[in-house]
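Here's a quick tour of a structure, written for someone who would rather look at the model than read a table. Keep the 3D view open as you go.

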Amino acid sequence: MIYLCAISNISSGSCSEDCSFCTQSARYHVDIEKYKQKSIEQIVEEAKAARKNRALGFCLVTAGKGMTPSKLEYVTTAARAVKEAVPELNIIACNGTASYEDMIALKEAGIRSYNHNLEASENYYKDICSTHEWKERYKTCLNAKKAGLKLISGGIFGMGESEEDRVSMINSLKELQPVSITINFFHPNSALPLKTNPLNIEESLKLINNVKNELSNSRIMVAGGRERMFGKRWTEIFDHGANSIVIGDYLTTSGESPSKDLAVIESLGLEIAEKCNGQ
Ligand code: SF4
C-alpha cells in the first residue's frame, strides 16, 4: 500500500536563519520564488488538485524558524478552508519550531499531523546551522505529540554527515517514534554553502532500508530529492522499505508530474492508499 502526500509552500523564502542546506534562507540569495502568503483560494485549489492526484496528506509549509501569532492565524485559516473544501484530506502543518499551545491551536483547526524534521544528528546540526539549536527541533516534536498531533519527522541524507551522525539521528527518531518518517536526499545548489551530495543510488537505497529496519512501525516516506537521486530507478525505493512519496512539486524544486508517478505506481501493481489507517 502506497501513501501519497502533497506539499503546498504557503509562505516561501526570505528566512533569516542560516541552514546551509536551505534555498529559502535569505543569506544565500538563491533564485527562488518568494512570497509572504499564498492566497487561501490558491491553497484550496491546490488541495483539490492534490486529492485528485490521490494524495491523502496535504502539508501546509511556511518558511522561517518557527511559529508566530500571525503565522498561526494564517495557517489555521488555511487549514479550516481546506478542511471544508476537501474533507477527505489529512491536513499536515509544517511551520518550524512551535510550542505546545501552538500545537493545540493547530489541532483545533482540524490539522491532524505536524511535520518537523530533525534534519541531522544533534552533533552535526551545529555544523549546518548556527542560528538555532537542534534541541529546539526535538522539543517541537515532543510538543506535537503531547498535543495529540501525529508526528511526522525525519531528516536529510547526503549533507556530508558521517555514519555515526546517521546512527545518532535514527536513534533520536526511535525515541520520538513518528507515525511517518520523511527521508530527504540533499538537493545541491551552487548558491548554498553545501555544494554536493556524495551519495549514490545504492547507498541511498541502503539508507532507506536501514531506516525501515530501525523504525519498523513507522511509514517511510521518500520526499525531497527522490527524482534527482534515483532517476528512472526511483521505484526501487519500494523494494527497500519506503511506502510513501511526495507527489507533485517540492518546496522550491519541481517534482515529477503526478500523472506520471501515478501511472508508474499502478503499472507495478501497487495499491494507492485511500485511508490513513490511524497513521
Ligand atoms: S529555518 Fe527553515 S526555512 Fe529557514 S533556512 Fe532553516 S530550513 Fe530554511
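Let's start in a loop: Ser121 sits between strand 4 (113–115) and helix 4 (122–128). Bear in mind that this is a predicted model. Is Ser121 buried or exposed? It has 22 other C-beta atoms within 10 Å, so Ser121 is buried; the cut-off for that label is 20 or more.

Who does Ser121 touch? Skip the neighbours within four places in sequence, and Ser121 is in contact with Glu161, Asp165, Ser168 and Met169. As for Trp134, which is 13 residues away from Ser121 along the chain, the two C-alpha atoms are separated by 8.1 Å.

## Two positive phi values

The loop between strand 4 and helix 4 also holds Glu119. Phi of Glu119 is near 70°, a positive value in a residue other than glycine. For background, most residues other than glycine have a negative phi. Glu119 counts as buried because it has 22 C-beta neighbours inside 10 Å.

Arg54 also has a phi near 70°, again a positive value in a residue other than glycine. You'll find Arg54 in the loop between helix 1 and strand 2. With 19 C-beta neighbours inside 10 Å, Arg54 counts as partly exposed.

## The barrel

Eight of them form a closed barrel that runs 1-2-3-4-5-6-7-8, with parallel pairing. On average, neighbouring strands of this sheet are turned by 25° against each other, direction ignored.

Ser180 stands opposite Arg219 in strand 7.

Helix 1 lies across strand 1 and strand 2, and runs at about 170° to strand 1.

Helix 2 (residues 69–85) has 17 residues, so at 1.5 Å a residue it should span 24 Å; its end C-alpha atoms are 25 Å apart, which agrees. The buried residues of helix 2 are Lys71, Leu72, Tyr74, Val75, Thr76, Ala78, Ala79 and Val82. What do they pack against? The partners are strand 1 (3–11), helix 1 (40–52), strand 2 (57–62), strand 3 (90–94) and helix 3 (100–108).

## Around the ligand

Which residues surround the ligand? They are Cys15, Glu17, Cys19, Cys22, Gln24, Ser25, Ala63, Gly64, Lys65 and Gly96. Sorted by class, this shell has four nonpolar, four polar and two charged residues.

Definitions and conventions. Residues are numbered from 1 along each chain as its sequence is written. This is a predicted model: local features need pLDDT of at least 70, side-chain atom pairs count only at pLDDT 80 or more; totals for chains, interfaces and linings use all residues. Helices (H or I, at least four residues) and strands (E, at least two) are DSSP runs, numbered from the N terminus. A residue is buried if 20 or more other C-beta atoms lie within 10 Å of its own, exposed if 12 or fewer, and partly exposed in between; C-beta atoms are placed from the backbone. Two residues are in contact if their C-beta atoms, placed from the backbone, lie within 7 Å. The expected span of a helix is 1.5 Å times one less than its number of residues. A residue is near a molecule or strand if its C-beta atom, placed from the backbone, lies within 6 Å of it. Ala, Val, Leu, Ile, Met, Phe, Trp, Tyr, Cys and Pro count as nonpolar, Asp, Glu, Lys and Arg as charged, and the others, Gly among them, as polar. Two strands pair if DSSP finds at least two bridges between them. Axes are lines fitted to C-alpha atoms, for helices over the stretch in contact, and angles run from 0 to 180 degrees between N-to-C directions.
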